[in-house]
Amino acid sequence: MAGSGAAEGQDPRAYKRIIMTVQRLIQSDPRITISGGFILLVCFSALAAPWLAPYPFDLQDTQSILKGPGPQHWMGTDRLGRDLFSRLLYGARMSMAVGIFTAAFAVLFGTIYGAVSGYIGGKTDNISMRFVDLVYSLPDLLLIILITVTIGRGVLGIFLALSLVSWVTVARIVRGEVLRLREFSYVEAARAIGAPHSRILFVHILPNTLGVLIVTLTFRIPAAILAESTLSFIGLGITPPFASWGSMANEGWSAMKFYPHLILFPSLILFLTIAAFNVLGDALRDTLDPEHRMR
Amino acid sequence: MNRSIIIGAVIAGLALAMLFIRPDMRAPNTSDERVFRMTLSNEPPTLDWNLATDSVSFTVLINLMEGLTEYDEALRPRPAAARSWEVSPDGRVYRFHLSEDARWSDGKPVTAGDFEYSWKRLLNPKTAAEYAYFLYDIVGAEDYNTGKVHDPESVGVRALNDRTLEVRLRKPIVFFPSITTFMVTFPLRRDVVEKFGERWTEPGTIVTNGPFVLDEWRHEYKLTLRPNPYYNGPRPALGTVVMFIVNESTTALTLYETGDLEMAHLPPEAIAAYLGKPEYITAPLLRGYYYGFNVEKPPFTDPRLRRAFSMAIDRREFPAILKRGEIPSSFWIPPGMPYHNPAIGPPFDPKAARTLLAEAGYPSGLGFPTVTAAFNTGPENSLIAENLQAQWKRNLGLDVRLDNQEWKVYLQGLQTDPPPLFRLGWGADYPDPDNFMNLFTSTSGNNRTRWKNARYDELIRSAAADPDPARRQAAYDEAQRILLETDAAIMPLFVATQNWLVKPYVRGLRINALELLDLKNVHLERP
Amino acid sequence: MIRFVVQRLAWGVPVLWLVATVTFGLMHLVPGGPFDQEKRLPPEIKANIDAKYHLDQPVLTQYLFYMNDLLHGDLGPSYKYLGRSVNDIIRDAFPVSMQLGLWAVFISVVGGGGAGGGAAARPRSWTDHAGMFLATAGISLPSFVLGTFLIMIFSYRLHLFPAALWEGWRYGVLPAVTLALLPAAYIARLTRSSMLEVLHKDFIRTARAKGLAEPRVLLKHALKNSITPVVSFLGPLTATLVTGSFVVEFIFSVPGMGRYFITAVTNRDYPLIMGVTLVYAVLIVVANIVVDLVYTWIDPRMRIKDH
């Protein structure tokens, strides 16, 4: 987007200041270190899964089906006698990739769309919001089946399918915020002194939506991870023999009473990871909010 | 402040709305000693028995209706609405004699005309019944159904009088009285259908002749059945049957355990916990699970490779994985069906399989192209496919790619361009091997393998018309050997089972291999 | 204001038409048809069925047939549930999911808003941490896992609520809570974040300086001014919740409408797909009009001036 380049060019100090603040607060706010560290650890384990996993993710041992946790299999085995710990490590790849990329796409595209629509207002806003209504109303499942039929149910297919249906939520929220902010006195002041629209939007308005944006981002990641698990529930999740945390939770939930390890470990890692994203989001928000920082 | 008042009013309104639009339903009546509560795995798509095709509808209908014949414990047809029947010496004409005091639930007598009407309605192209082809063996039926002839009188079914129904067949069929147990052939009242149109199957308008009547149908939620006061037979001991529609078997199990059901399907993950308990009932089903080869797609044009793939699978692993007591099968006619022969089918022999692979030009799998095994999405199908993939890797050294598709997408693919290896199942409509073996004849629309064998076709055709059991056995044995051993067009994997939990105070419940739950003899002996 | 509503409703018509048209196109693009099944039908019988439902006509003709019926308020027959019309199906199922959905909206707004507001009033206190922990729990597990946990705890162990079925208000509690947890968590986070921002604005300082009681500052000034993002979210959320959830309806055996968003598609029950999609679209359109009205009410500066 040309606008963001212009904003950077015109006010490099603002962004430099943010970076410095982050550096400073990583040292001062332990939440950032802990949650950020955990997320990095998960990402690292995902990338290093082939070296960390004690077994291949698809190695079946029909002699030890549905074994509970033990010295041979730390987290037990699944219905085909595959090592649950190894599958969780490989599953991290799928879940983190889908979560992060889908959320990033949704937030990036949704923010630009919503901000421009809300800022321009008038007929443009009306038409672009009716388009959002349209996308929102279309049956997700039709789109998802169509996409997965065309490009398959790998990471890419699921990412595309989920992205396509998730950016509209962000667009609506950002547009609401921009509608509110653009009438504030300092925005009107900027307009009065003849600041270009891109500068008003990206320097005066968008930074003020940061709190909401960060919450949205930290919410979209878990939402995408969970949406993938719902796809598994419907039977449209990732193609076997590959795994994701969501597909593992789906394989485990019905056996909660009988083989609790099947659901316990995927749930736990889901919970911890998503909690980490949220804590990180909160901490970042507190850090980056220019006024809140003073506290 | 005005706005606070508005907010308050909105909140209060919401709360009030919730009080008022509370569901007004009766709690399940547990105090009634004679109520039997069970589940259906989904909403019956229809209770119009001419149009019904699925086992859920059948489960409801078999308790509401009575056909000419019904099954005994061994799944042989026995008299029901027809008290007897006779066959002409050439095997082409059946005459069914109806019992004098059979009554509909509104008190009117059941007549041969009700059967004639039903069958002709089934065959009428305007009815668009999916299972019209069940009666294609009746003279003129196919021509009428396909619109070649427009006169229903040309169809060979006729009520000679109120008590006698005559059926003329275009070729001798020894198992015709099995077909008349099937729901699409149940009698139907012209006056009811014409009066109420498409909605005649709702409670209050539906008229049935079986042990129960439909009392309530809350769509997608539950059906309630009560005894039919006019039923021509011992009055059922149950006062009420409630069939809840519960899609998740895990939910059904929880409801069973909290005492809200008398009977429930047992999901596989719970079987270990209930094994050996008296409430646990398991029985085989007439349902085969197989992978077929598209014999027109290389490399499976070579029967040696098909045999190798089939022989490389240790089918004993399936019950270990699925945990429902599945019966490993390399035969096709399932146990529980006449002419079943467990000795048929390729054995598990990885060494022989590797030899065949080498003979076909791929020693140790060298140069073998990557083939794709396709299946429709589902937890069980995934487990089986993943296991097959591992076994082919282990026993043949071959990498097989898996491809799963959503059900309807998958079916479309099977129709237009079947994948080299594909999963399918087949459940019996009636317990005659013809229903299983006919599937792979060259004219069968359900034969997706594109495999054609004239000898096989001839064997199946002659066996259907042969009243001599020994000759039928020989014909089916030879046909199975062609299908599974020499030509290996399909590789059967296992025969499915049904697993139930039934409260110990439920008596008289019979479970048969067609998964039809006949509740008329059930009674409860609560402690 | 009435003019605004009328204009926006008029705008809804082309949106609905587009939704109908695009959905119609999409569903005919998706491979597989309503009468494809394991036991394949003989072609002659397939032809009878196709003729009955006009499926033998070109898609464009089918589309015109459908739009014509739609204009007369007829959503067509279901292909899967024979003898039932889509109007019947929606009439049976929608009240159930609406009821459950309203419960869930109520729980998520009161619970989420309360938790978020409370957390923002005392940032980094124990209330804050506890509230945010619960909010995290609400969004970190798939609803089928959460629902099963709730069943295990509240019906299996504590016998407080029924595990499933739909026989009275007690049966609605667990499914409503399961439905509400995710939006409640999100609302809590949005409220907290937005309120923290507002609490540092000048007018709050002024209000405090004037000696207004803290609860009044929080409720009247802060909450009202921080509610925009929640309202943007609440509109579509309500539309989504009252049309039901497949997962919740399946695990709690509730006869609502959410199931059809999935099963109508998997069955390729074309008229039912269209029916539920259009109901949802109507609700979305209406919800967004309400949202925009609420915007202007919250903040008169965002006056509706462009129409």
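**Chain B, then a helix pair**

Tutor: Keep in mind that this is a predicted model. In chain B, of the contacts between residues at least 6 apart in sequence, 67% join residues at least 24 apart.

Student: What does the secondary structure of chain B come to?

Tutor: Chain B has 16 helices and 21 strands.

Student: And what radius of gyration does chain B have, against that of a compact globule?

Tutor: Chain B has 26 Å. A compact globule with 527 residues would come out near 24 Å, so the value agrees.

Student: How far does the C-alpha trace of chain B span along its principal axes?

Tutor: About 80 × 80 × 50 Å.

Student: What percentage of the residues in chain B are buried?

Tutor: Buried residues account for 49% of the 527 in chain B.

Student: Switching topic. At what angle do α6 of chain A and α1 of chain C pack?

Tutor: About 40°, with the axes 9 Å apart.

Student: Is the crossing of α6(A) and α1(C) left-handed or right-handed?

Tutor: Right-handed.

Student: Which residues make the contact?

Tutor: From α6(A), they are A:N126, A:R130, A:D133, A:L134 and A:S137. α1(C) contributes C:W11, C:V15, C:L18 and C:V19.

Student: How do the residues of that contact divide into nonpolar, polar and charged?

Tutor: There are 5 nonpolar, 2 polar and 2 charged residues in the contact of α6(A) with α1(C).

Terms used
Residues are numbered from 1 along each chain as its sequence is written. Chains are lettered from A and ligands numbered from 1 in the order in which they are written. This is a predicted model: local features need pLDDT of at least 70, side-chain atom pairs count only at pLDDT 80 or more; totals for chains, interfaces and linings use all residues. Helices (H or I, at least four residues) and strands (E, at least two) are DSSP runs, numbered from the N terminus. The radius of gyration is taken over C-alpha atoms; the globule rule is 2.2 Å times the number of residues to the power 0.38. A residue is buried if 20 or more other C-beta atoms lie within 10 Å of its own, exposed if 12 or fewer, and partly exposed in between; C-beta atoms are placed from the backbone. Two residues are in contact if their C-beta atoms, placed from the backbone, lie within 7 Å. Axes are lines fitted to C-alpha atoms, for helices over the stretch in contact, and angles run from 0 to 180 degrees between N-to-C directions. A crossing is left-handed if the near helix is turned anticlockwise from the far one by less than a right angle, and right-handed if clockwise. Ala, Val, Leu, Ile, Met, Phe, Trp, Tyr, Cys and Pro count as nonpolar, Asp, Glu, Lys and Arg as charged, and the others, Gly among them, as polar.
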